[in-house]
Amino acid sequence: MGTRRVLVTGCSSGIGLAVAVRLARDELRRFKVVATMRDLERKEALENAAGETLNRTLEIRQLDACSEESIRECVNSLPDRRVDVLVNNAGVGMIGPLECQSVTSMQELFNTNFFGLVRLVKEVLPDMKRRQSGHIVVMSSVMGIQGLLFNDIYAASKFAVEGFCESLAVQAMKFNVRMSLVEPGPVVTEFERKVYEDAEKMDLTGTDEETARIFRQIYLPYSRKVFTSLGQTPEEVAEQTLQLIVAKDPPFRHQTNRLYMPLTALKHADPTGRLPLDAFYKLIFKHDNVFNASLGFFRILQKRMSKRTV
Ligand SMILES: NC(=O)c1ccc[n+]([C@@H]2O[C@H](COP(=O)([O-])OP(=O)(O)OC[C@H]3O[C@@H](n4cnc5c(N)ncnc54)[C@H](OP(=O)(O)O)[C@@H]3O)[C@@H](O)[C@H]2O)c1
């Protein structure tokens with residue numbers, strides 16, 4: 001197979017930046033990377049990380065996932081409009097009690113996380129079908145499989161992403177186009193920082209005292225511990241994304257964090273849905289000492305595993 005052109009969205013920071021740079025630095029030079037971001041004024045971090053690959057195997061272009069016009073302009077600017085691999089990564093987060101979030105901000109989140117994907121796929125899939133080749137790789141989340149307390153809207157957007165891809169993947173296969181969902185657990189990026197900053201500032205007067213207490217005193221500290229204990233680096237996710245792109249028979253789903261798998265497995269173990277609900281309830285509200293001890297254990301495991309895989 002010759003050099004493949006890969007278009008990556010949301011490359012100003014985090015996973016998108018790491019994926020673009022990892023592909024551009026591929027030792028076998030298998031990729032030409034079109035690293036896109038909505039605001040080119042934020043390109044410095046990517047330029048620095050790209051180093052000598054800049055304008056060789058990596059070029060930076062503007063693309064706003066919320067604008068069909070901007071997506072079309074970017075794809076039209078590519079020779080023959082050819083995108084061999086789309087890495088749909090752009091996304092935003094949101095946490096907190098439902099009553100404290102406006103419907104407008106929920107719609108904005110869906111506009112990026114879900115409709116951003118839909119717009120990109122609409123633009124590149126017809127060409128891929130015509131060429132009878134292509135790979136659409138979508139940065140989903142473990143929260144696209146299993147919902148989580150105070151992540152109601154974010155998880156819903158990733159469930160939408162998963163349902164969309166699962167439905168479309170069969171049609172795509174008929175045209176020799178592959179689809180893959182990458183499902184990271186916690187990854188330490190700007191995403192986490194932005195979400196916590198918003199949470200600290202959040203006006204909780206719209207909810208009752210007990211919910212506000214659970215969010216501030218239980219959820220936020222637990223969630224921070226989960227990130228420090230189980231969190232991967234964007235580079236780890238990027239490495240696994242590269243392996244998925246070059247695989248002969250790429251999987252439809254790939255969870256990047258093996259430590260998170262027992263939690264997502266509960267869902268498949270019990271079709272009534274009681275098992276994961278009970279497990280999360282007990283972990284969060286009843287057995288916080290067990291939860292804390294397990295995180296300490298996971299932290300050690302994570303360190304050992306990342307030494308082995310990177
Ligand atoms: N971090 C995690 O724990 C985690 C876990 C599972 C899945 N994920 C998923 O991984 C993806 C990347 O997140 P990350 O952790 O790398 O976060 P990040 O560092 O905040 O990066 C998100 C990227 O998306 C971009 N973006 C937001 N809205 C956009 C739009 N309308 N058009 C184009 N780009 C846009 C941001 O650009 P600006 O700089 O302009 O805002 C930024 O480049 C997301 O889809 C997220 O849901 C993250």
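Let's begin with a pair of strands: select E1 and E4 (residues 85–88), which run parallel and are joined by three bridges. For a landmark on this pairing, pick Val 6, whose bridge partner in E4 is Val 85. Keep in mind as you click around that this is a predicted model.

**Next stop: the other side of E1**

E1 covers residues 4–8 and E2 covers residues 31–37, and the two pair in the parallel sense over five bridges. Two spots are handy for finding your way along this pairing. Arg 4 stands opposite Phe 31 in E2, and Val 8 has Ala 35 in E2 as its bridge partner.

How do you get from E1 to E2? Show helix H1 (residues 14–24): E1, H1 and E2 make a right-handed β-α-β unit.

**Carry on to E3**

Stay with E2 and bring in strand E3 (residues 58–62). E2 and E3 pair in the parallel sense, over five bridges. Click on Met 37 and look across to E3, where its bridge partner is Gln 62. There's another right-handed β-α-β unit to trace here, made by E2, helix H2 (residues 44–50) and E3.

Before you leave E2, show its side chains. In a regular strand, side chains alternate between the two faces of the sheet. Are the faces of E2 covered or open? Both are covered: Phe 31, Val 33, Ala 35 and Met 37 are on one side, Lys 32, Val 34 and Thr 36 are on the other, and all are buried. That's seven of seven residues of E2 buried.

In soluble globular proteins, nonpolar side chains tend to be buried together. Here, the largest nonpolar core has 51 residues, and those with the most contacts inside it are Val 6, Val 8, Ala 20, Val 33, Leu 86 and Val 138. H1 gives the largest share of this core, eight residues. Apart from it lies another core, of 14 residues, including Val 142, Met 143, Ala 155 and Ala 199.

Go back to Val 6 and look at what surrounds it. Setting aside neighbours within four places in sequence, Val 6 is in contact with Leu 23, Phe 31, Val 33, Val 34, Asp 84, Val 85 and Val 87.

Then hop over to Ala 20, which is found in helix H1. Why does Ala 20 count as buried? Because it has 33 C-beta neighbours inside 10 Å, and the cut-off for buried is 20 or more. Beyond its neighbours within four places in sequence, Ala 20 is in contact with Val 8, Cys 11, Val 33, Ala 35, Leu 46 and Leu 58.

**Two annotated residues**

Select Tyr 154, which UniProt lists for "active site" in an unreviewed entry. Tyr 154 sits in helix H6. Is Tyr 154 buried or exposed? Buried, because 24 other C-beta atoms lie within 10 Å. Leaving out neighbours within four places in sequence, its contacts are Gly 93, Met 94, Ile 95, Leu 109 and Met 143.

You'll find Ser 141 in the loop between strand E5 (134–139) and helix H6 (152–174). With 28 other C-beta atoms within 10 Å, Ser 141 is buried too. Not counting residues up to four places away in sequence, Ser 141 touches Lys 158, Glu 183 and Pro 184.

**Last stop: around the ligand**

Finish by selecting the residues around the ligand. Which of them come nearest? Of the 31 residues there, Gly 10, Gly 14, Ala 90, Gly 91 and Phe 191 do. To see which helices take part, colour H1 and helix H7 (190–201): each supplies at least two residues of this shell. The largest share, four residues, comes from H7.

Notes
Residues are numbered from 1 along each chain as its sequence is written. This is a predicted model: local features need pLDDT of at least 70, side-chain atom pairs count only at pLDDT 80 or more; totals for chains, interfaces and linings use all residues. Two strands pair if DSSP finds at least two bridges between them. A crossover is right-handed if, with the strands pointing away from the viewer, the path from the first strand over the helix to the second runs clockwise. A residue is buried if 20 or more other C-beta atoms lie within 10 Å of its own, exposed if 12 or fewer, and partly exposed in between; C-beta atoms are placed from the backbone. Two residues are in contact if their C-beta atoms, placed from the backbone, lie within 7 Å. A nonpolar core is a set of buried Ala, Val, Leu, Ile, Met, Phe, Trp, Tyr and Cys residues joined through C-beta atoms within 7 Å. UniProt positions are given in the numbering used here, feature names are shortened, and annotations may be inferred rather than shown by experiment. A residue is near a molecule or strand if its C-beta atom, placed from the backbone, lies within 6 Å of it.
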